[in-house]
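Here are my notes on the model you sent over. Have the structure open beside you while you read, and take the points in order.

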Amino acid sequence: MKRKIILLFFIAACAGLLSRNIGFNNHQVLALSIFLMSILGTLFFWSFRLAFVFLGSSVLLLTGTINFESLIKSASLDVILFLMGMMVAMGLLKDAGLFAWIVSLMLRIKNLTANKFLIVICFISALLSAVTSEVVSIIFVVAAILEICDYFEVDPVPFIIISVLATNIGSAATVLGNPIGILIATKAGLTFEDFILKAFPLSALCLISIIFLVKVWYHKTLIQLGEKIKEFGANEMLIKLISIPIEKQLKIALWIFGSTLFFIAMHHRFELLLNLEDNTILLTMPLFSAGCILLWKWRKAREFIEKDVEWWTLLFFMLLFAQAGALSFTGATDVVAASFARAAGHNQSGLIVLIISASALGSSILDNVVLVTAFIPVIKSLKGVGFNLQPFWWALLFGGCFGGNITLVGSTANIVALGILEKERNIKLSFFRWFWIGLTVGIISVVLAAFALIFLPLYHA
Amino acid sequence: MKIKEIMVRDIKSLSGRESVKDALNLILKFKISGLPVIDKGKLIGVFTEKDVLRAILPSYVNQVGGFVYGDTPKNIKNKLIKLAELKVSDVMAKGVEVVGEETALLEAARLMLVKNMRRIIVVDKNDKVLGIAARCDILRALMDLAK
């Protein structure tokens, strides 16, 4: 603990001194050091991350590095309200039994074979994470995998790894898949349609490539599962294992969620039609749905707000965004952006590779929201150096999502899935059992994305 | 009125090294919902029926949301068999709320209500267990006060 604290202060101080030497003023040095401390705080002291951003933001305000008005403006309340609304909607879907229903659907796969199981878990993991967020979807996909693997008495680890890899890839496909999606969308002015046109196909391509890879990588496990399926016969017990209590409630919840998804997917069209500011409907729909849910379930309204909204995470995001705002406010990001441009030789393709690699590597050890928050003001500043920012935003999205596959702590989905595995089966995965497959998947998906971003004009428009 | 006036001094307890299966048999035999776990005279936790249920059912059961079990999954059967291998210290609740023997009866009642406790353990300054009071003991004493 002591060592970590010393290391944290040492790195922050070194960064401060270094930045002073390359021409940062006092406020820029302070903004950079405090932001770095918040990032390192999440890495070394996860449980204390909120305390770090509270203290850091207070210091920024007290030293006049940022004023209240800019701090509130930088806190991205639009993103926070969007995430809050989605959390309430997810709470309702959970309460109504949607997730358990999906688990039951997976348990009832007809004429189950090993290959069918592999393909189903890949597509369900990716699709669900794309529409409900990676953290929500991984819990019930893992629950279904554990039940199925227990029934057929096979090792669940490879299938859980596969589902997490697919979840992280799917999380890049839409604005809803990962908090960095909405964060990038709001900062870059991207719409849901942009994601469907540009992020979804690339995620699908990566997913298909990964299915072929894991089919070879876990060849023996799949053969073993195939043999067990033949031995045990049909999954009769799994079919009647769980059911959903109130179907009418589930139907209404599905209707609300479906409508929310429809308006989010069509937000750009409606905004044009109603002459509204960009992303107004995208950011408002989850809030509107949450309002409807709180009206419909008024007896449980307080429970949805208190238990299903992760206030701890949202407050952390808010203040972290504000600290990144301080970097921009003091002009520190302009200096960093200029250094980035120099490092890439003022070359657009070079910068794409630099951003996607740095964000993938960074998100393999850091929370991707932290990383993307740090990158956003830098990318914005690159506009001043004369670059087309479009491919950079996508590089940041793909790097941030796909990089999460590289290590077992790379994304929240990894941590949640491995936590369940440890609690339920007492299996503690070694770093390298994850790393080799994670790294291979990470490299393949990042290289595919980099090629697309460099060579396809679609990503430059 | 103080808690020491109503607490049960002759308490049954468990050791952290006992198997969960034996401990469960004990609480079922005495028809009580839980027992304090004592090591070298000091309280180290409380073992309750709820802790056993938590150990048997999947940890994600709350997160998956509303559903109804129609059968018993294989894994639950395995977990039930493995209960004999688990020690009481593996499943017991740690960091239990305790009170001193001079604690007022109403304060003990308040703690039970606020912390959702079914029993409260009374310890001395060295964490040595002196007694235990269940909700019914407290309610009985409160009813007596009204007479």
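This is a predicted model: local features need pLDDT of at least 70, side-chain atom pairs count only at pLDDT 80 or more; totals for chains, interfaces and linings use all residues.

1. Three strands of chain B form an open, mixed sheet in the order β4-β5-β6. Strands here are DSSP runs of E with at least two residues, helices are runs of H or I with at least four residues, and both are numbered from the N terminus. The edges belong to β4 (98-99) and β6 (129-134) of chain B, each of which pairs on one side only. Two strands are said to pair if DSSP finds at least two bridges between them.

2. Within that sheet, β5 (residues 119-123) of chain B runs antiparallel to β6(B), with five bridges joining the two.

3. Residues are numbered from 1 along each chain as its sequence is written, chains are lettered from A and ligands numbered from 1 in the order in which they are written, and side-chain values use heavy atoms, with hydrogens and water left out.

4. Stepping back to chain B as a whole, seven helices and six strands make up its secondary structure. Read from the N terminus, the elements follow the order α-β-β-α-α-β-α-α-β-α-β-β-α. The C-alpha trace spans about 55 × 35 × 25 Å along its principal axes. Of the 147 residues in chain B, 39% are buried (under 20% relative accessible area with a 1.4 Å probe, protein chains only; exposed is over 50%, partly exposed in between).

5. How many residues of chain B are in contact with chain A? There are 19, and they meet 26 residues of chain A, where contact means heavy atoms within 4.5 Å. The two chains bury about 1,900 Å² between them, with 57% of that on carbon and sulfur atoms; buried area is the accessible area (1.4 Å probe) that two parts lose on being put together, summed over both. On the chain B side, Tyr60(B), Val64(B) and Lys74(B) lose the most area to chain A, together 33% of what that side buries.

6. Chains A and B share one salt bridge, defined as a side-chain nitrogen of Lys or Arg within 4 Å of a carboxyl oxygen of Asp or Glu. Lys79(B) and Glu424(A) form a salt bridge through their side chains, at 2.8 Å from N to O. The elements giving two or more residues to the side of chain B that touches chain A are α3 (61-64), β3 (68-69) and α4 (74-82) of chain B.

7. There is strand pairing between the chains as well: β1 (residues 242-243) of chain A and β3(B) are antiparallel over two bridges. Here Ile242(A) lies opposite Tyr69(B) of β3(B).

8. Please also look at helix α8 (residues 134-151) of chain A, which holds Asp150(A). Is Asp150(A) buried or exposed? Its relative accessible area is 15%, so Asp150(A) is buried. Leaving aside residues up to four places away in sequence, Asp150(A) touches Arg425(A), Lys74(B) and Asn75(B).

9. Val142(A) is found in helix α8 of chain A too, and its 0% relative accessibility makes it count as buried. With the sequence cut-off of four places, Val142(A) touches Ile160(A), Ser163(A), Ala417(A) and Ile420(A).
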